[in-house]
Amino acid sequence: MEYIAHIEEERKQRLIDHLDGTAKLAGKFAESFGKYEWGYCIGMLHDLGKYSKEFQHRIQFNTNDRVDHSTAGMRLCNEKGGYYSILQYAIAGHHSGLMDYYKLEERYRKSICDYQAYRHEVEIPKIKSDPFESCKTQNPHFSMGNLRIRSFIVCLQTINQNREIEMIRAFG
């Protein structure tokens, strides 16, 4: 099956191309603060919910059905644990902004569509570096807990707001 991320003016963008393009752009933005692999990973995982049958029906038949597509990547990051659990905040908030812990907890209880088809196309990027260099910062708790997560969200939101750039790069 061909999974579609967007259809604009009769042009279809394959979901894997969307994720790869977003990952590279988010990685490039995150590279400005030394965290390319983190930005890349967020970009690859941010729209995993679009692999659901329900989202594919919505996009291919242009329905107004609401299908949550960001909770899937958030949950996957939480399940993987470790540093991936930091990324769940950025992925969950890539349309709505940074959520607090309680709002995130609501998303865990929410019923979402099966998105496991992502496994056929997406390899979860490895994160090998720390989210920040604790020896190089005055306040590591602020740096990791708020500023870094906000920086990752901005990487995704910038791409969402400038989707034309992404579409041009994806379609070449």
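The model is predicted. Its largest nonpolar core has 32 residues, and α5 contributes the most to that core, with seven residues. The count of disulfides is zero, and that of aromatic pairs is four.

**Nonpolar core**

- Leu45, Leu48, Tyr51, Leu87, Tyr118 and Val122 touch the most other members of the largest nonpolar core.
- Two or more residues of this core come from each of α1 (15–31), α2 (36–45), α4 (71–80) and α5 (84–92).
- Beyond its neighbours within four places in sequence, Leu45 contacts Gly73, Leu76, Cys77, Ile91, Ile124 and Pro125.
- In soluble globular proteins, nonpolar side chains tend to be buried together.

**Helix α1**

- Helix α1 consists of 17 residues and spans 24 Å from its first C-alpha to its last, close to the 24 Å expected at 1.5 Å a residue.
- The buried residues of α1 are Leu15, Ile16, His18, Leu19, Thr22, Ala23, Leu25, Ala26, Gly27 and Ala30.

**Lys110**

- Lys110 sits in the loop between α6 (101–109) and α7 (140–161), and is partly exposed at a relative accessible area of 39%.
- Apart from neighbours within four places in sequence, Lys110 is in contact with Asp68 and Arg75.
- The side chains of Lys110 and Asp68 make a polar contact of 2.8 Å.
- In sequence, Lys110 and Asp68 are 42 residues apart, while their C-alpha atoms are 9.7 Å apart in space.

**Cysteines**

- No disulfides are counted in the model.
- Cys41 takes part in no disulfide, as the nearest cysteine sulfur, that of Cys77, is 5.8 Å away.
- Cys41 is buried, with 0% relative accessibility, whereas Cys113 is partly exposed, with a relative accessible area of 26%.

**Aromatic pairs**

- Among the four aromatic pairs, that of Trp38 and Tyr83 is tilted, with 5.5 Å centre to centre and 45° between the planes.
- Trp38 belongs to helix α2 and Tyr83 to the loop between α4 and α5, so this pair ties together parts that are 45 residues apart in sequence.
- Trp38 is buried at a relative accessible area of 0%, whereas Tyr83 is partly exposed at 33%.
- Tyr115 and Tyr118 form a stacked pair, with 5.9 Å centre to centre and 20° between the planes.
- Tyr115 is buried at 6% relative accessibility, and Tyr118 is buried with a relative accessible area of 4%.

Conventions
Residues numbered from 1 in each chain as written. Predicted model: local features only at pLDDT ≥ 70, side-chain atom pairs only at ≥ 80, totals over all residues. Heavy atoms only, no water. Core = buried A, V, L, I, M, F, W, Y, C linked by side-chain atoms within 4.5 Å. Buried < 20%, exposed > 50% of the residue type's maximum accessible area, 1.4 Å probe, protein only. Helix = DSSP H or I, 4+ residues; strand = E, 2+ residues; numbered from the N terminus. Contact = heavy atoms within 4.5 Å. Expected span 1.5 Å × (residues − 1). Polar contact = N/O pair within 3.5 Å; in protein donor to acceptor, adjacent residues only side chain to side chain. Disulfide = S-S within 2.5 Å. Phe/Tyr/Trp six-rings, centres within 6.5 Å; stacked < 30°, edge-to-face > 60°.
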